[in-house]
Amino acid sequence: MNPDTTTSQPFPRVGMIGLGVMGHPMAVHSLRAAEERSSQLTVTARNRERVSDLVDTGANWASTPRRLAEQSDVIVLMLPDLPDVEQVLEGADGLLAGITMPTVIAIGSTSSPEGVRLIASMIGDRTAGLATVIDTPVSGGEDGAIAGTLSIMVGGAPDDFERARPALRAFGTPVLLGPLGSGQIAKACNQMIVASAVLALGEAIVIAERSGLDVRALLTLLSGGYAGSRVLETRLERFVNKDYSPSGVAKYMVKDLSFARAQATRTATVTPQLDLLFDQFSALVAEGFGDNDIAVTRAFVESHTP
């Protein structure tokens, strides 16, 4: 195992855009790390009030993405998808207009590997090679973002990863998995497993409850055996209490699984379970459950009768 050298590396000036459920707690950790290492965090958002706590505790405020780029060595984009990334890149006040020195842009969106490669090529061309891209989707959910324990799946050039690694380390554990796009493939694989787990949990819970079992006692017991998982650990209370307030939004699973299916086609991989998961989550969204947390698989199963 390679030693972690991030504590001896200079901490880059970090810029962050996309300060929502995941990005905001990540920015809290980034600000703390930057202050400890005599560096800085710069943020921007459509509404300054949404990030006022970060600015009040030491983050720099940039009025536009361009201003943010002018003050950053590593830019972390925690945006939903590539169209959102393109929106902050373009225009007189966009990120690309502010790139004047070597900069690594870390795209945390869950998207297609090909899409990331295309946008990276465009960024390289438009900045004459000054800006480079790594893809950095994360796993661990809101809980992991708050705790600073995210698994960060990275694709890109080793040199770019090393430049960004101290910044990424503030959020959890970053691992370089291969060339650009590898992070997206890893996230697709991750989502296949998560989708399988939450759908299986939804079905098992309904069977158990309709059979007269104590659901909480069952899930607590199962968490200590082979059925135990991080998914069960973080969603146990939601499943038991039927708390479907969104954290990991169910409808995004359809997008994520579609990327997995595309990669399966490219690699000539037969995926009977993936195909079933895609169909079931597509149905879940079509039936109006998509804006809820992924624990809503329980309600989805309950809504169906033979």
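The points below go through a predicted model of one protein chain, from its overall build to single residues.

1. Overall build. The protein chain contains 13 helices and 9 strands. Its C-alpha atoms occupy a box of roughly 65 × 45 × 40 Å along the principal axes. The radius of gyration is 20 Å, which agrees with the value near 19 Å that a compact globule of 306 residues would have.

2. Burial and contacts. Of the 306 residues, 51% count as buried. When contacts between residues at least 6 apart in sequence are considered, 69% of them join residues at least 24 apart.

3. The accessible surface of the chain is about 14100 Å², and carbon and sulfur atoms account for 55% of it.

4. Helix α11. The buried residues in α11 are M253, V254, D256, L257, F259, A260, Q263 and A264. An α-helix has 3.6 residues a turn, so residues three or four places apart point the same way. The cover over the buried residues of α11 includes α5 (113-126), α8 (182-210) and α12 (272-286). Just after the helix, A268 takes a positive phi of about 55°.

5. Helix α8. One of the elements that cover α11, α8 has 29 residues, which should span 42 Å at 1.5 Å a residue. The C-alpha atoms at its ends are 43 Å apart, so the span agrees with that expectation. The helix is followed by G212, which has a positive phi near 90°.

6. A208. This residue belongs to helix α8. Its relative accessible area is 6%; A208 therefore falls under the 20% limit and is buried. Leaving out residues up to four places away in sequence, A208 touches L213 and L218. L218 is 10 residues from A208 along the chain, and their C-alpha atoms are separated by 8.2 Å.

7. H29. Helix α1 holds this residue. Is H29 buried or exposed? H29 is buried, because its relative accessible area of 14% is under the 20% cut-off. Apart from neighbours within four places in sequence, H29 is in contact with A145, I146, A147, G148 and A170.

8. S38. Although S38 is not a glycine, it has a positive phi of about 60°. S38 sits in the loop between α1 (23-36) and β2 (41-43). With a relative accessible area of 72%, S38 is over the 50% limit and so counts as exposed.

9. K242. Here too the residue is not a glycine, yet K242 has a positive phi of about 55°. K242 is in the loop between α10 (230-241) and α11. Its relative accessibility is 41%, between the 20% and 50% limits, so K242 counts as partly exposed.

How values were computed
Residues are numbered from 1 along each chain as its sequence is written. This is a predicted model: local features need pLDDT of at least 70, side-chain atom pairs count only at pLDDT 80 or more; totals for chains, interfaces and linings use all residues. Side-chain values use heavy atoms; hydrogens and water are left out. Helices (H or I, at least four residues) and strands (E, at least two) are DSSP runs, numbered from the N terminus. The radius of gyration is taken over C-alpha atoms; the globule rule is 2.2 Å times the number of residues to the power 0.38. Buried means under 20% relative accessible area, exposed over 50%, partly exposed in between (1.4 Å probe, protein chains only). Contact means heavy atoms within 4.5 Å. Accessible areas come from the Shrake-Rupley method with a 1.4 Å probe; for residues, only the protein chains shown count as cover. The expected span of a helix is 1.5 Å times one less than its number of residues.
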